[in-house]
Structures are given as structure tokens and as C-alpha cells.
Amino acid sequence: MTQTKPKSEPTPHLAAAESFAASAPGPEWLRTLRRNGVTHFTELGFPTTKLEDWIYCNAAPVTKLAFKPATCADAAVTAAQLAPFAFPGWTGSRLVFVNGHFAPALSTLPAPQKGVTITNLAAVLASGDALIEAQLAHHASVDGSGFSALNTAFITDGAFVALAPNAVAAEPIHLLFISAPGDTANTAQPRNLIVAGANSSAKIVEHYVSLGGAAHFTNAVTEIVVGEGANIEHAKFQEENLEAFHIATVQATLARDSRFLSHSISTGARLARHNINLVMTGQGVDCVMNGLYAVGGKQLVDHHTIADHAQPHCGSHEFYHGILGGQSRGVFNGKIFVRKDAQKTDAKQTSRNLLLTDTATVNSKPQLEILADDVKCTHGATVGQLNDEALFYCRTRGIAEVNARRLLTHAFASEIVNRITVEPVREHLEQVLWARLEELIEKK
Amino acid sequence: MSQPLIEIKNLSAGINGKQILKGINLTVRPGEVHAIMGPNGSGKSTLGYVLAGRKGYDVTGGTVTYDGKDLIELPPEDRAREGLFLAFQYPVEIPGVNNTYFLRAAYNELRKHRQQEEVDAVDFLAIVKEKMKLLDLPDSMMKRAVNEGFSGGEKKRNEIFQMAVLDPKLAVLDETDSGLDIDALRIVAEGVNKLKRPDNAAIVITHYQRLLNYIVPDFVHVLFDGRLIKSGGKELALELEEKGYDWLIGKNGK
């Protein structure tokens with residue numbers, strides 16, 4: 001696949017990135033990272049629909065939004081405003097980031113636990129940590145897309161989770177990213193780093209929301225390094241307002257015998273683009289990519305996933321469900337890459353889409369590149385309406401057609417949500433999804 | 001004689017313009033079990049679907065009066081609420097819908113229709129437990145999604161279990177015996193027998209006589225080429241077992 005690099009036009013983004021990278025404080029290696037980000041962004045610019053990976057996702061509206069990167073957390077946000085985003089019965093820690101910057105006053109830090117560091121990136125950048133220098137921006141390559149490069153140019157803050165070998169985080173970790181667009185800032189660029197040592201274990205929820213209904217731009221990058229035998233569950237939930245632009249990359253490097261469970265649930269934003277890239281760098285990795293999008297109106301939601309089987313004896317299982325109403329558009333592009341030596345790969349991918357209206361569309365594309373010969377790879381994609389047989393079955397049990405449709409639509413969503421192992425998160429999702437699906441079903 | 005529960009008169013029906021039922025006449029009264037037997041392609045499943053109201057199955061002639069009402073006019077859900085139950089030959093899997101939740105939703109629809117109060121999850125569980133014993137069902141089955149990953153036998157048992165909970169006036173069992181081993185068959189049949197009362201009735205559609213060793217019918221009808229070509233008592237089933245259908249078809253053949 002060749003992608004011609006479009007010539008970048010001068011944008012306010014570039015000027016802002018250059019000025020930020022030149023003046024922002026930090027250790028020399030970090031300043032170099034940022035400068036590299038600027039350089040790559042200069043080369044790449046924003047993607048256009050001429051690029052194969054962006055063919056169905058026109059990012060032009062994002063670039064037209066005035067670019068006002070936040071430089072600190074907005075102090076005006078109050079704890080009461082966060083109430084709708086709390087998980088029912090949650091007792092764990094919650095780190096709150098306002099416009100991409102840590103807001104300690106709104107956060108509940110976990111009780112100190114040996115071998116478990118849960119904090120914000122800016123704090124560790126200030127104190128200096130060899131782990132960060134060794135890992136930050138080493139996984140989500142700056143040259144992948146213009147958006148990641150732009151994020152890198154602005155690296156300042158985000159979540160930082162580090163697990164020492166054998167450490168098991170006592171409780172799930174809630175990372176809440178709130179956009180509070182206002183006069184001075186409308187762009188958040190959190191940079192998150194999760195480093196899990198050998199045989200460690202944690203469950204992490206990355207949660208994106210908005211205050212108010214004004215347009216804003218979230219440009220997030222999360223790097224996850226999963227050590228040998230480690231077990232990480234990562235749930236990403238995007239419920240930003242319907243004017244928002246959300247572009248995000250999750251890049252995970254999975255070492256030998258590790259297990260990684262990824263969820264991406266996306267209901268919000270006018271345009272949401274999720275890149276989820278898993279690279280299996282050791283044998284015996286077992287990973288699951290689980291995804292659900294429920295959109296309506298003129299929303300566009302795009303998932304681009306990669307399961308990169310670089311080593312033999314790894315399994316990747318991918319389940320994506322889409323529910324689309326109004327004139328919304330969905331894109332699913334699932335790439336399975338089996339490298340030459342990755343024998344005994346077991347890769348499975350399913351993408352199923354439910355169209356609630358005639359005007360909603362989906363482009364679902366599996367992309368298999370298989371260079372090994374002794375592998376098991378399957379994929380399947382469906383786009384359609386509710387199953388007539390199932391509807392009839394419900395009706396023969398006394399359930400009216402409209403309720404049967406509702407039941408089956410919710411069930412289609414539940415299949416994905418039920419794979420999340422953290423109950424309060426599931427409960428929150430069920431509430432949000434219930435409301436969202438009711439809107440979609442009613443508006444049709 | 002009591003009033004008929006269902007009275008099918010000269011019923012013709014088909015799918016996509018193809019005529020499948022060509023004038024069925026059948027009267028079922030409370031307390032009766034009717035078996036409808038016939039070779040493949042005779043229209044057995046079509047009859048079940050037409051009675052339950054499946055879309056695409058068009059009634060082209062005749063009448064069906066159920067409990068004093070014009071059945072054909074009712075949408076499927078209203079037929080169910082009026083006490084008609086179809087046990088599917090191939091029960092449908094509904095991933096993501098918990099079996100207990102589903103059944104409670106159905107149960108409450110029926111109660112609402114009868115202007116009774118809906119039951120909550122706790123009370124419903126008590127009802128479920130009692131009926132589960134009747135059919136010797138494992139608890140785990142109630143925690144799973146409707147029919148998802150169930151074996152053939154489990155699916156059929158689940159159908160009869162739903163029937164036990166929903167307590168229909170008229171049950172139509174569409175080849176409930178197909179694909180069952182003898183133990184599963186016995187459990188399913190015993191379930192049906194235990195549910196039999198003087199005020200309800202069943203139409204048992206089957207391809208094989210063996211089910212009728214366990215569910216003893218009051219009447220046996222032979223369906224061939226969209227018509228009931230012979231009716232009799234339970235001894236007719238044995239005769240069919242012995243001689244096959246050919247001797248009848250010969251007389252009525254196309």
C-alpha cells in the first residue's frame with residue numbers, strides 16, 4: 001500500500017506547534033520529541049480523503065475549527081459537573097483531566113500501593129523518570145498520521161500508569177477526560193502512557209466527555225506497553241457532545257504471553273476516528289478487540305484497527321458492532337497483518353452493523369495481509385436490518401413489534417458491553433446506551 | 001360438546017404466490033390433543049406459521065376462528081396474548097437477551113393483556129423455579145442468552161419451558177421431536193403431558209410416530225399436499241408407522 005504524502009498547507013496548527021515546541025519547558029529529550037512531532041506534522045499535514053486510510057473519513061472540518069490548544073486545566077469546572085460521568089457504585093480512583101490537563105482538585109487518587117504508580121504525565125516529566133524517557137513516543141510512531149504528530153508536538157500532560165513486575169492494581173482505574181470548550185481553549189491533546197511490567201495486571205478505563213454543547217477537538221494518543229505475561233484490560237468510552245471532533249490512537253505493544261482486552265465504545269462526537277493498533281512482539285499473546293458504536297444524525301464514526309501478528313502462536317479476536325440511525329456513517333477497517341514467521345496465528349474478526357434507517361451507511365472492510373502459511377484467519381462482515389426470524393419469535397411470545405425491535409437492538413449492543421469485566425462501567429454504559437438507542441430508534 | 005377452541009375452515013395459504021395449504025378443515029376443542037402427521041413438504045410447518053401469523057405467509061382463502069375471534073386479523077403478538085403458543089421447529093437464537101429476562105417480558109405482556117399486574121424479577125423467579133423442576137432444566141440455562149449456544153435438545157426443552165410458563169390455551173408444537181434423542185424426547189413429551197388440562201389443547205405436528213408413543217393424541221390427521229387427507233384416532237398413527245404414507249398418498253396422489 002503506497003500512500004502519497006500530500007503537501008502540507010500552512011495551517012495555524014503548524015505555527016502553534018512550532019511556537020509551542022520551541023518554548024515549552026522540559027528535559028532535552030522531551031523537547032526533541034516535540035520538535036520531531038513538529039517536523040513530522042510539517043511533512044504529513046492533516047490527512048485528506050486521498051489517503052487510503054482516510055478515504056471515508058473527511059477530516060477537513062476538524063482543521064477548519066479554530067485551533068486553541070489548552071495550556072492548563074480550566075479551573076472553572078466543578079465537581080458537581082462531573083456527576084453524570086461517574087460510574088454507579090464506583091469506589092476506585094478517578095483521575096480527572098480538563099482539556100487534557102490534570103485537575104488534582106477534581107481527582108480521587110488511589111491509596112498508595114507498592115509497585116503501582118497512577119499519576120499524571122506532567123508530574124513525572126517534571127520529576128524525571130527513566131521509564132518515561134525510554135517509552136514515551138516509542139510506540140505510537142510520530143510518523144503514522146498528522147494527528148499523532150501534532151499530539152507529539154504538544155506533549156505536556158495526560159495519564160501515566162506504571163506497574164512494576166508482578167504488581168496487580170487493586171482497583172480499576174478511571175481516567176476521565178473532560179472537554180470544557182470556552183473562549184481560551186477548545187483543543188485537548190492528552191498523551192497517555194501505560195507501562196505494565198512482567199506479570200502485572202490492571203483494568204483501565206479511558207473516558208471522554210464534554211461539558212456543554214460547543215464544538216471542540218480532542219486529539220488523544222495512548223501508548224500501552226504490556227510486559228511479558230501481563231494482563232491488561234483497556235476500555236475506551238467516548239461520549240463527547242455532538243459537535244465535537246475526536247481523533248485518537250491507542251497503540252499497544254504486547255510482549256510474550258501477555259493478554260490484552262481492548263474495548264472501544266463510541267456514542268458521541270460529530271466526527272470520531274479511533275485508531276487501535278496492537279502489535280504482538282512475542283509469542284503466545286492473546287488479545288481481544290471489542291467495539292461498539294451507536295450513532296445518529298450526521299455523525300461519522302470510524303474505527304481503524306490493526307492486529308499485527310509479528311510472532312507465532314498468537315491469537316487475536318475482534319468483535320465490532322455498529323448501530324446507525326439518521327444519516328450517520330460508520331467506517332470499520334480491520335487490518336490483520338500476519339508476518340512471515342508468525343506461524344500458528346489464530347486471528348478472527350467480525351464486524352456487524354445494524355442500520356436503523358435507509359439513509360445511514362457503513363463501510364466495513366477487512367484487510368488481511370498474510371505472509372505466513374500455517375495460520376487460521378477468518379473474517380466476516382454484515383450490514384443490515386434486524387433479523388426477521390428473531391422479530392417474529394419475539395412477537396409469538398407476546399412482545400409487540402416495536403418492543404421486539406427495541407429489545408433486539410439493545411441486545412445487539414449488550415453483546416459487546418457484556419464483555420467488559422468491570423461492572424460499574426457496564427452499568428454506566430448501559431444507561432448511556434439505553435438513552436442513546438431510544439433516541440436513535442425514535443428519530444429513525 | 002364444548003365450544004371449539006379453534007375452528008379452521010377451508011384454509012388456503014401460501015408463500016410468494018405459491019399455494020401450500022389447499023383447504024384445511026380442523027376443529028379442536030378444549031382438552032383435546034390433535035396430531036398432524038405427514039411427509040416432508042406436505043405443508044406441516046406452513047400450517048404452524050400461518051396459525052402464529054408469520055409475515056410472508058398469506059392466507060388466500062378460508063377462515064380461522066380462535067376462541068371466538070378471527071385469528072387471521074390479529075398480529076402475532078395479539079395471538080400470543082390470547083393464549084396461542086407456537087413451539088418452533090427451529091427455535092431462534094437471540095444473543096444478548098437473557099433467557100429469564102426474555103421470558104419475563106413475554107409473561108408480563110400476557111398479564112398486561114389480561115389486565116393483571118406485572119410481576120417483578122423476584123416473584124418471577126419463583127414461578128420459573130417451579131416450572132423448571134417440571135422439565136428438569138439446569139439453572140445455568142436461565143442465565144444464558146435465549147437459545148444461544150444451546151444444543152438441539154436444550155432448545156426444544158426451552159420451548160416447552162416457555163410454554164409451561166406462558167400457559168397457553170392452544171399450543172402448536174411444530175416438530176418438537178425432531179433432532180431429539182430418546183431421553184430428551186421423553187422429557188419434552190412428559191412436560192407436554194403434565195401441562196395438559198381439560199381447558200387447554202394442543203396441535204402436535206410431527207413427522208414421526210414415535211413422539212405419539214409419549215404424547216397420546218385424541219385425534220390423528222394426515223396432511224398431504226396441503227390437505228388433511230385422513231383423520232382418525234390414535235390407532236391411525238400406528239397404522240402409518242407400519243405402512244408408511246404411500247398407501248394413503250396412492251389414493252389421494254397428484
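How many helices and strands are there in chain B? In this predicted model, chain B comes out with nine helices and 12 strands. Its radius of gyration is 18 Å, close to the 18 Å that the globule rule gives for 254 residues, so chain B is as compact as a globular protein of that length. Laid along the principal axes, the C-alpha atoms of the chain fill a box of roughly 55 × 40 × 40 Å. As for burial, 44% of the 254 residues of chain B count as buried.

Now for a helix pair within the chain. H3(B), residues 99–113, packs with H6(B), residues 152–166, at an angle of about 35 degrees, and the two axes are 10 Å apart. The crossing of H3(B) past H6(B) is right-handed. On the H3(B) side, the contact is made by B:Leu103, B:Ala106, B:Tyr107 and B:Leu110, while H6(B) brings in B:Gln162, B:Val165 and B:Leu166. Sorted by class, that makes six nonpolar residues, one polar and no charged ones.

H3 of chain B also turns up where the two chains meet. There, 19 residues of chain B are in contact with 17 residues of chain A. On the chain B side, helix H2 (76–81), strand E7 (94–98) and H3 each supply at least two of the residues that touch chain A. By class, this side of chain B has 12 nonpolar, two polar and five charged residues.

Conventions. Residues numbered from 1 in each chain as written. Chains lettered and ligands numbered in written order. Predicted model: local features only at pLDDT ≥ 70, side-chain atom pairs only at ≥ 80, totals over all residues. Axes fitted to C-alpha atoms, helices over the stretch in contact; angles between N-to-C directions. Helix = DSSP H or I, 4+ residues; strand = E, 2+ residues; numbered from the N terminus. Left-handed = near helix turned anticlockwise from the far one by under 90°. Contact = placed C-beta atoms within 7 Å. Nonpolar A, V, L, I, M, F, W, Y, C, P; charged D, E, K, R; others polar. Rg over C-alpha atoms; globule rule 2.2 N^0.38 Å. Buried ≥ 20, exposed ≤ 12 C-beta atoms within 10 Å, placed from the backbone.
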